[in-house]
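Visitor: Please show me the structure, and let us then discuss it by question and answer.

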Amino acid sequence: MSASLQDKLRQGVENIETTPAIPAVVLPLLDLLNLPADKVNLDQVVKLVSYDNTIAAQCLRVASSPIFGLAKSPESIKAAVISLGLRRVETILLTCCMGKAFPAKKWALDPIVFWRHSLGCAMVCRKFSEKLGGADSDKAYTAGLLHDIGFLVNCMAFPKEFTAAIAYAAEKQVPFDRAESEKMGFTHCESGRALAEKWNLSPDIVEVVAYHHEPQKSVAAPGLVALVHLSDLLCRMRNLGYGYYERQKVDLLSDPAWAVLAEGHRALDGVDLVRFTFELDEAVEKIYEMVSMIFGSMAVGRAG
Amino acid sequence: MTTAAQPAKVSVNRLAEAIDPTFRQIRDLVYKVSGIYQAEEKLYLLADGCGRRIKQLNLKTPREYWDHLTVHPSRDGELRQLLNEITIGETCLFRSQPQLDALRKVILPEMINERTRQITKRLRIWSAGCSTGEEPYTLAMNMLEESEGLLKGWNIEILATDLNDRSVEAAKAGIYGDYALRATPELFKRKYFSAANDKKLEVRPEVKKMIAFSRLNLQDDSRMLFMKGMDLIFCCNVLIYFDGVSKGKVIDHYYGNLNFGGYLFLGTSESLLNLNDKFHLVHFPGAIAYWKPSLKSGKL
């Protein structure tokens with residue numbers, strides 16, 4: 001990337017930083033998500049959820065939805081946190097915040113499609129990590145949720161160029177990152193990295209954002225990057241992609257990332273990828289429902 | 001994955017509350033033995049199937065039925081009965097659109113591209129366990145759709161075999177009612193069918209003549225060895241009835257039957273259960289297949 005492009009990218013990310021819509025809770029929340037569940041203080045989460053009235057109301061509404069199957073709707077944030085469990089509340093909160101931070105009307109990419117993919121990938125990363133017996137399944141979740149934040153940067157800071165890149169990808173049937181390179185000079189991996197660094201996200205998450213399409217480049221977190229890379233591919237093959245038919249076949253077991261993951265995790269050999277795929281299909285409907293609910297009250301201008 | 005033949009979706013959550021946990025255990029057993037996975041939203045179909053068996057066997061609870069499937073002397077036979085219950089009525093034309101999309105949008109362009117230098121432009125497709133013909137006719141119609149485009153100048157051979165003589169005869173007749181045609185797009189109905197008795201539709205002769213039907217036992221090793229030069233094998237919900245050893249043998253045959261670069265498709269919720277390590281599992285949007293890597297790819 002040339003120096004002038006880098007400047008342009010930096011400037012774009014600066015502008016996002018100064019938008020008033022970013023809820024103050026996002027960054028502390030990301031920190032919390034990185035902690036193991038037993039280290040998280042329940043009151044801290046309640047406080048974060050209650051910080052912003054509109055977000056708190058939205059969290060309660062989502063928590064009352066039938067997809068979580070609570071016998072009765074939680075009446076307070078604390079009740080919601082207790083009955084749903086910390087991790088679910090954090091997910092709901094993060095998604096609500098991100099939805100608010102990046103208002104729908106500015107998006108070149110349908111936010112519903114974007115969040116379905118991000119939440120789907122987060123969930124697959126966590127499940128995958130659990131199957132590997134990894135202790136870092138919460139980290140894997142965060143990594144999956146944030147891997148494509150570069151698309152948010154593109155939507156917010158470079159809407160015109162990004163719209164052209166999306167149209168180019170659809171017309172030429174090429175992957176997004178290639179279309180971005182050709183039309184913008186940089187990809188969501190690079191713009192995402194700029195935002196992730198600006199937000200001081202942990203180095204392994206920064207690498208996930210930067211290298212999830214080129215996992216071989218990862219130095220600090222090759223295992224995590226490989227995990228996200230594979231989960232991302234799997235989601236795109238199972239109705240959690242970006243809403244267009246990807247004319248490709250994916251051979252996960254022959255992907256170099258699989259070998260990287262296998263190096264650190266013996267348990268990978270025992271993972272039944274077909275069954276894992278079928279299990280992912282089961283979760284798709286829940287993810288669709290949850291994302292629709294979170295964005296239901298927002299003015300979403302584009303259809304999926 | 002939504003396939004055209006799936007029943008209307010019922011709220012996952014409501015089902016989760018209503019389903020006896022034993023059915024999840026039965027689901028896992030069925031998967032382990034047959035490779036068929038009953039997804040959460042289809043668990044009620046499994047529960048219904050078990051319910052019918054429980055009634056016929058005069059049992060009282062799902063738990064008793066679990067014992068019947070696991071410790072009873074007739075457990076193998078019972079599992080077969082249950083598989084019949086849960087796969088019954090699954091067959092229809094256009095059963096899996098994602099498989100057809102993978103075929104037309106990814107596989108055919110790939111195969112044609114790889115074979116541009118070959119003199120004989122021929123594709124051989126085998127519908128193994130074709131039942132009453134729904135699958136081979138669906139494939140034939142989709143190939144005809146490509147005949148003026150991608151497949152111009154190509155010769156397409158479709159072989160369709162089944163163990164059951166009566167199924168083969170019905171397949172040759174090619175006459176279908178509403179239920180079998182429930183997922184068939186109107187365009188295809190108009191283009192490739194003509195009216196038959198009892199408001200049924202009959203497949204047109206130009207489609208029929210693309211397919212060679214015959215009776216074949218997949219466990220007949222000597223005949224299996226002769227099924228050479230296949231580019232695609234479709235074998236949906238057939239292997240589920242075989243025990244592990246026989247299934248492994250059939251899959252090995254399929255590997256030998258396929259050309260390099262060929263694909264094996266199973267049913268939409270069916271797995272090979274790691275019974276063969278030479279095939280590569282590949283994902284297409286919404287579909288899974290087993291690939292015999294091409295010589296060029298260097299992935300052998």
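Visitor: What percentage of the contacts in chain A with a separation of 6 or more is accounted for by residues 24 or more positions apart?

Guide: This is a predicted model, in which local features need pLDDT of at least 70, side-chain atom pairs count only at pLDDT 80 or more, and totals for chains, interfaces and linings use all residues. Residues are numbered from 1 along each chain as its sequence is written, with chains lettered from A and ligands numbered from 1 in the order in which they are written. Two residues are in contact if their C-beta atoms, placed from the backbone, lie within 7 Å. For chain A, the percentage is 67%.

Visitor: How much of chain A is buried?

Guide: A residue is buried if 20 or more other C-beta atoms lie within 10 Å of its own, exposed if 12 or fewer, and partly exposed in between, with C-beta atoms placed from the backbone. Of the 304 residues in chain A, the buried share is 48%.

Visitor: Which residues are in contact with Leu93(A), leaving aside its neighbours within four places in sequence?

Guide: Leu93(A) is among the residues with the most contacts inside the largest nonpolar core, which has 169 residues. Such a core is a set of buried Ala, Val, Leu, Ile, Met, Phe, Trp, Tyr and Cys residues joined through C-beta atoms within 7 Å. The residues in contact with Leu93(A) are Leu29(A), Leu48(A), Val49(A), Ile55(A) and Cys59(A).

Visitor: Which residues of H12(B) are exposed?

Guide: Helices (H or I, at least four residues) and strands (E, at least two) are DSSP runs, numbered from the N terminus. The buried residues of H12(B) include Lys247(B) and Tyr254(B). Seen down the helix axis, the buried residues of H12(B) fall within an arc of 155 degrees (taken from the directions from the axis to the C-beta atoms), so they line one face of the helix. On the other side, the exposed residues are Gly244(B) and Val245(B).
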